[in-house]
4 protein chains.
Amino acid sequence: MKEYKPQAKWKSKLHEVIYEADTPSGKFFDIVLFILIIISVILVMLESIDGFDEHYHKTLLTLEWIVTIFFTLEYIARLISIKKPLKYVFSFYGIIDFLSTIPLYLSYILAGSQVLLAVRAFRLLRIFRILKLVKFMGEASQLQSALKASRTKIAVFIYVVLILSVILGTIMYIVEGDESGFTSIPKSIYWTIVTLTTVGYGDIAPQSNLGQFLATVIMILGYGIIAVPTGIVTAEFARNKHSEVEDDNGYVVHVNTQSCPNCSVEGHRDDATHCYNCGHPL
Amino acid sequence: MKEYKPQAKWKSKLHEVIYEADTPSGKFFDIVLFILIIISVILVMLESIDGFDEHYHKTLLTLEWIVTIFFTLEYIARLISIKKPLKYVFSFYGIIDFLSTIPLYLSYILAGSQVLLAVRAFRLLRIFRILKLVKFMGEASQLQSALKASRTKIAVFIYVVLILSVILGTIMYIVEGDESGFTSIPKSIYWTIVTLTTVGYGDIAPQSNLGQFLATVIMILGYGIIAVPTGIVTAEFARNKHSEVEDDNGYVVHVNTQSCPNCSVEGHRDDATHCYNCGHPL
Amino acid sequence: MKEYKPQAKWKSKLHEVIYEADTPSGKFFDIVLFILIIISVILVMLESIDGFDEHYHKTLLTLEWIVTIFFTLEYIARLISIKKPLKYVFSFYGIIDFLSTIPLYLSYILAGSQVLLAVRAFRLLRIFRILKLVKFMGEASQLQSALKASRTKIAVFIYVVLILSVILGTIMYIVEGDESGFTSIPKSIYWTIVTLTTVGYGDIAPQSNLGQFLATVIMILGYGIIAVPTGIVTAEFARNKHSEVEDDNGYVVHVNTQSCPNCSVEGHRDDATHCYNCGHPL
Amino acid sequence: MKEYKPQAKWKSKLHEVIYEADTPSGKFFDIVLFILIIISVILVMLESIDGFDEHYHKTLLTLEWIVTIFFTLEYIARLISIKKPLKYVFSFYGIIDFLSTIPLYLSYILAGSQVLLAVRAFRLLRIFRILKLVKFMGEASQLQSALKASRTKIAVFIYVVLILSVILGTIMYIVEGDESGFTSIPKSIYWTIVTLTTVGYGDIAPQSNLGQFLATVIMILGYGIIAVPTGIVTAEFARNKHSEVEDDNGYVVHVNTQSCPNCSVEGHRDDATHCYNCGHPL
């Protein structure tokens, strides 16, 4: 058996509060964090409304600073309390957390750094940790595995749809003149995808008889084509259901949201005492 | 065995007429009620048409008063004939019935009480009681249970779609200028959902090349995403079908629309003599 | 065993040509008929194009007369050659055939009889008889039975969707003013259905912030709702498939397009010598 | 056993490079070819953008010539290195390759030969050969077989939808006047298909009350109808899955992209030494 250097008491405590949602303090921290994330997202939205930003510019900026400072402190705390900070820094949530924190700092250096604000919405995914419901996690992972299993098939499907769009778009460009809005092949391809996916804005629409006839063919094609991804995903779901019934044997493992202080892996069993990934005591 | 105070004869008779649809008089009452509900809904519609309301204002108001008085009497009768009136008052149909009755009274006190008129449409759900067809009830409950079973999965799905919409909407706001209609992030998110769900009004549409390219990506995403709820519900339906076959053993229970005079619970078996919920004789 | 009065030779021959597609002359008749049906449908379309009708009015009228005369002769022949003409007259195809024949005659008596021209398109369904392919018939009947089995469920579903549309339409009418196009509740309900079904014309679109927010909710609802009919039909198809496998036992019955000269029933087995419905010799 | 005339060494080498993707040189050739195909497709797009073509006309023409010369050389090499050139010439890829090569030559002889440029997009299908992944090939063929199996059913379905569109289009033409855009029956049918498939451009939209009511009915119809192709394809996918599980017996055959130098058939097993089609040594 391997030996582990005991972590400093306060670090271990901080780790529990920040990374886990099973203790009261951990849960409280997560809820406060989630409310701040929602506020940060709403702030970004309000700033974008012209009239609103003019009237309440100072209030918005103050709130933005409060959120940014909290996010900064949280990010630093996460770095300190974990044994392998680099692993966190380059993890999915690590990158999201970093990009959500910096836009305000960057805005004093660079113009147009507001693009990063869009990243903040990803932090909303944290709700799944707070809900701490195995049920939700199970549902989400079931969705994920069904989508994963049908990934290649969907990739093949989308590639074929794209080729089809290029071909049909080129034909529509030749058939329809500039007056109908089909000014170039890329624009025609855009129209073809708008039609195939049954979105149908109507900003560009065929005017000639032949163009409208071809559009009809494309729509009926799209009608048939939309059945394919649905068929793929449904068959995958139906199969998942099946395997669930046959493999379970009445033995369902309950996992919690504790994350290993050593390697940050999550999803340990409720009765686990060591990390299943690195063996570190929990 | 518990003893029950015998209900007054006329109350018991009234209960049968109003709450049950198995006797001729009960059926007649339900049909008259349903016709009045339809009339009340049509009245609300006609009142909203400007030209029509000007010409026939008096007729419409008279009819509205007739419907309201009938609804008022019906509501009072329902309160009197049932043993536990509070249970009815706070039940789903109780609240709907109350809100459908009061708008005309309220209109003399409050302006803008017409919002409550929308509630009347809920009363149309009563048709399922009138049809009294076990088949319809079975179908409806099958739909309901399939949707219930896939509730969590659909909640997770919608939450992820909303996060995605916030992210994509923010990006589109940055990419597209104000001229295309993307005047604020909330408006951009509105556009993203219009596109993702393949509704595509076309009131807002990307004009720049990059915007149209991103729109294309969003549409193809929406194409794949629409497959997910379909897959979830279909797998649930398919499973329901299965369990139906395996559990039935040729034994199908027929229920009727009688409701218990004591606790208002419905769905008693045809051969039941006591309420399955409170034991009160039927 | 029952006795049958032998039919006149020429009548029996005529019956074979008109009602059956198994003999060369029967096949030839059916193909000629189908070509004339297609011509009759195209004629109706061409007559509706303003410029075209002005230039070629005489040609179109002549062709219309040729088609009408052929249809008239065919209808008379069908009446003569069958034993129970009334059965044919009131059958689905009998009514279609009659309504497809009379518009031109009626146009000299009544104005606006062109509505009946739309009925002609129903005659295009005859192709399934001409194709005479058991495969096609089987596929069509499989589609039909799947839709039939899910009929009640779809009826319940559509009724609930309509109630929902009335409620949401009324709310949108109250929220949005007249300027956005929500001029009355019926118009609002029209918009709600346009949105729920993801058609999205954009002729009416919410302008206020609250209206756009509600529209978003309706769209996501529609997203979930569209999964329900798909789920119903798919589960039905999947079940159909299953039963096919289990019930067939390697014994597939081949049917042909012969119809009984006595009762017009179709779908007799290839090796049948008597009608399975009335026992008349084939 | 048949005898085969040994092919010239250089021809055999050329065949390996051009037709196979298993050797390093074959892979290199395929990747270079695919990049050139992508460039050729992008060139066609750029040429269609007015401003872009004016500025960079010379550069585009030069690049077009480079691509065309490479395609020409490739086409000649394919003809030389294969034993039965005619088989290649009239194969799917042979025709695509030829049509992708000639537009530039033709443009000096004929005007409007750019229609052929749309054909080039088909060459993008070559990526499936380059990816050389059995997985992708398997997925693609699974998609293909599911679509093939549901072909007849989808054909019946589309035919019925078309008849329905003609009927509903004619009715809408009669109901709506010219002002709403329903100027002729073909235009009305175009609108009906736009609505039934839930595309909904909004370039033509009903204005009258009756027209909007009928449109609502068509939309709800389309709602139900869209479930049918999805149901068909999904049931087919689900069945495919099933057979996969039952038939495999743990024995999965791996195929590669080698093609026979004699008959061009592909999909040989990894351990094959002779073509499964003609017996020629590989």
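The model is predicted, with local features requiring pLDDT of at least 70 and side-chain atom pairs counted only at pLDDT 80 or more, while totals for chains, interfaces and linings use all residues. Residues are numbered from 1 along each chain as its sequence is written, chains are lettered from A in the order in which they are written, and side-chain values use heavy atoms, without hydrogens and water.

Chain A contains 12 helices and 0 strands, these being DSSP runs (H or I, at least four residues, for helices; E, at least two, for strands). Of its 282 residues, 48% are buried, that is, under 20% relative accessible area with a 1.4 Å probe and protein chains only.

Chain A can be superposed on chain B with an RMSD of 0.1 Å through a turn of 90° and a shift of 0.0 Å along the axis, using least squares on the C-alpha atoms of residues with pLDDT of at least 70 in both. This is the relation of a four-fold axis. Because only 15% of the interface residues of chain A are also interface residues in chain B, the copies meet through different surfaces.

Note on methods. Contact = heavy atoms within 4.5 Å. Buried < 20%, exposed > 50% of the residue type's maximum accessible area, 1.4 Å probe, protein only.
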